[in-house]
Amino acid sequence: MVSCAIKFQAMTYRLRPVKYLILGLLTIIACNKEDDGFTFVPARDRGEEVPVSTEIIETYLSTHFYNYEEFQNPPADFDFKIRFDTIAGDNADKIPLMDQVQYKMVPDRVDEGVEYKLYYLSALEGGGSTPMYPDVVTLTYEGRYLNTEFTASEYTKLFDSATTPVSFDLTSVVNGFQDGIITAKTSPFPAIEAPDGSVSFEDYGVGAVFIPAGLGYYVSPPNGSIIPFYAQLIFTFQLYSSRIGDQDEDGIPTIYEDLNGNDLEEDDDTDSDGLPNFFDADDDGDGRPTSEEIIVRTYVFLDGEPEPTWPNSEVEVKREYDAQTMETTIYTIEYPDEDNDGVVDYLDSDS
Ligand SMILES: [Ca+2]
Ligand SMILES: [Ca+2]
Ligand SMILES: [Ca+2]
Ligand SMILES: [Ca+2]
């Protein structure tokens, strides 16, 4: 019997199983080659997979440590990257990861009521701020999966990495990565550009996240990747900066498109057209783009100048500071309600 995967067009992006597409692919997948061809096996129950994932991750955390001593007393040439190793031999007295990680409970995005213990590690707290879940972050990282099928070979396998800074939209990476990154902090400073064009950062956050399969790729590993089904993932990362995401570019930052306020961007769909508001340029489906049903204003002022004021009908949605020009830019949105029915135009299909 040879396991095989059905490949999805939508899954061809590295690290990018688009989440709301996955919702439509629930029962699918996993096929086994038998003498007479392929048989389709439904994906395992997501709830039943939770304790399996937890057990695998906790075993790893209990038997491994990270180079915390280097973070405590950095050698001159230290690269501030997390390295894991087994607690054994010369390293028998190291503190296990299990005693150094934190966790938070995170909901499954597919099955309601299913939730995961998401373990994460902060090796270095950045001096900046914590990204919000729909932001676009700049980071370097390494992605590994926990190799439980073949105990004779490596315990973890590297499947992806970026050694120079890359930017990721947190709404389009695997959920566990999204949920893990928002536990860390960025650098408080802008990038330092070298004459050769390369960039570096100071005082950034360094961390890791240990992702159960259901918050990872589950049965939809990216096309052509070496990641098996139901694999638990480990990402280590250096988080440099983040900016506010407005994925559909309608003028409303995604954080404000979470109308039910549950910190999930995928489940708010005013016009029920299958496109969540954060990814829908016409939220109420009335044919008028959202960008034409709101009024975005910007206010700019210099250090030392009084903050501008605006009428009650406007709300501040974004604030940016440019250290070089010492200018603060504030973005506000006014939400008109033309027919005065209490539902603002961009969410009102008859206005
Ligand atoms: Ca938007
Ligand atoms: Ca929501
Ligand atoms: Ca919609
Ligand atoms: Ca509209």
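Modeller: One cut-off comes first: a residue is buried under 20% relative accessible area, exposed over 50%, and partly exposed in between. The model is predicted. Leu 275 has a relative accessible area of 34%, so Leu 275 is partly exposed. Asp 269, at 23%, is partly exposed too. Both residues are protein donors of the calcium ion (ligand 3). Leu 275 gives its O atom, whereas Asp 269 gives OD. Asp 271, Asp 273 and Asp 280 also donate through OD. These donors lie 2.2 to 2.4 Å from the ion. Along the chain their spacing reads D-x1-D-x1-D-x1-L-x4-D.

Now to the fold. Helix α2 covers residues 46-63, which makes 18 residues. From first C-alpha to last, α2 reaches 26 Å, close to the 26 Å expected. Asp 45 caps its N-terminal end, with a side-chain oxygen 3.0 Å from the backbone nitrogen of Gly 47. Several α2 residues are buried, among them Arg 46, Val 50, Ile 57 and Leu 61.

What does α2 lie across? It lies across β7, β8, β9, β12 and β13, and runs at about 25° to β7. An open sheet of six strands has the order β6-β7-β12-β13-β8-β9, with antiparallel pairing. At its edges are β6 (102-107) and β9 (156-169), each pairing on one side only. From one strand to the next, the twist averages 20°. Take one pair: β12 (residues 205-211) joins β13 (residues 233-243) over seven antiparallel bridges. There, Val 209 has Phe 235 in β13 as its bridge partner.

Terms used. Residues numbered from 1 in each chain as written. Chains lettered and ligands numbered in written order. Predicted model: local features only at pLDDT ≥ 70, side-chain atom pairs only at ≥ 80, totals over all residues. Heavy atoms only, no water. Donors = N, O, S within 2.8 Å, 3.2 Å for Na, K, Ca; no water. Buried < 20%, exposed > 50% of the residue type's maximum accessible area, 1.4 Å probe, protein only. Helix = DSSP H or I, 4+ residues; strand = E, 2+ residues; numbered from the N terminus. Expected span 1.5 Å × (residues − 1). Polar contact = N/O pair within 3.5 Å; in protein donor to acceptor, adjacent residues only side chain to side chain. Pairing = 2+ DSSP bridges. Axes fitted to C-alpha atoms, helices over the stretch in contact; angles between N-to-C directions. Contact = heavy atoms within 4.5 Å.
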